[in-house]
Amino acid sequence: MAIYKHGPAAGGVPDSLVILLHGYGSNGEDLIDLAPYWSKSLPHTLFLSPDAPFPCEMGFGYQWFSLQSWAPASLLAGAEQAVKLLNALIDEQMANYNIVPSRVALVGFSQG
């Protein structure tokens, strides 16, 4: 899984993380372009924007979970699988940068 990064704008070690989660059929590169704007107000923040873990069924981009079935049980199972992977990614990044949970923000768009 690719993870796109920006910052911290002030340099040095980040004191917080913002994790940007893209929508269905997109990728992490799509949202990382927001980081330069936000980093002006958050100069000690590292922005991360990962690709979702699964290739999108539309034939381009990535998805956090399948939308082939809109049955509630199917959507719930997909979301539960995605949250396990996302939680592992967040835990890994918090450990890598020694960031506590209260200094992490998630920003999602569409399926993200």
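Of the 112 residues of the chain, 34% count as buried, where buried means under 20% relative accessible area with a 1.4 Å probe and protein chains only. The model is predicted: local features need pLDDT of at least 70, side-chain atom pairs count only at pLDDT 80 or more, and totals for chains, interfaces and linings use all residues. Residues are numbered from 1 along each chain as its sequence is written, and side-chain values use heavy atoms, with hydrogens and water left out.

The chain has 3 helices and 6 strands. Helices (H or I, at least four residues) and strands (E, at least two) are DSSP runs, numbered from the N terminus. Along the sequence, the pattern reads β-β-α-α-β-β-β-α-β. The radius of gyration, taken over C-alpha atoms, is 15 Å. The C-alpha trace spans about 45 × 25 × 20 Å along its principal axes. Contact means heavy atoms within 4.5 Å. Among contacts between residues at least 6 apart in sequence, 72% join residues at least 24 apart.

Strand S2 covers residues 16-21. Of its 6 residues, 6 are buried, so S2 is largely enclosed by the rest of the structure. Both faces are covered. Ser-16, Val-18 and Leu-20 lie on one side, and Leu-17, Ile-19 and Leu-21 lie on the other. S2 also pairs with two strands, S3 and S6. Two strands pair if DSSP finds at least two bridges between them. With S3 (residues 45-50), the pairing is parallel over 4 bridges, and Ile-19 has Leu-48 as its bridge partner. With S6 (residues 104-108), the pairing is parallel over 5 bridges. Here Val-18 stands opposite Ala-105.

A nonpolar core is a set of buried Ala, Val, Leu, Ile, Met, Phe, Trp, Tyr and Cys residues joined through side-chain atoms within 4.5 Å. The largest such core has 14 residues. Leu-17, Ile-19, Leu-21, Leu-48, Trp-64, Leu-86 and Ile-90 touch the most other members. S2, S3 and helix H3 (72-97) are the elements that give two or more residues to this core. H3 supplies the largest share, 5 residues. Apart from this core lies another, of 6 residues, including Val-18, Leu-20, Leu-31 and Ile-32.

Trp-64 also has contacts beyond its neighbours within four places in sequence, among them Leu-21, Pro-50, Phe-54, Ala-82, Leu-86 and Gly-112.

Methods: Buried < 20%, exposed > 50% of the residue type's maximum accessible area, 1.4 Å probe, protein only. Rg over C-alpha atoms; globule rule 2.2 N^0.38 Å.
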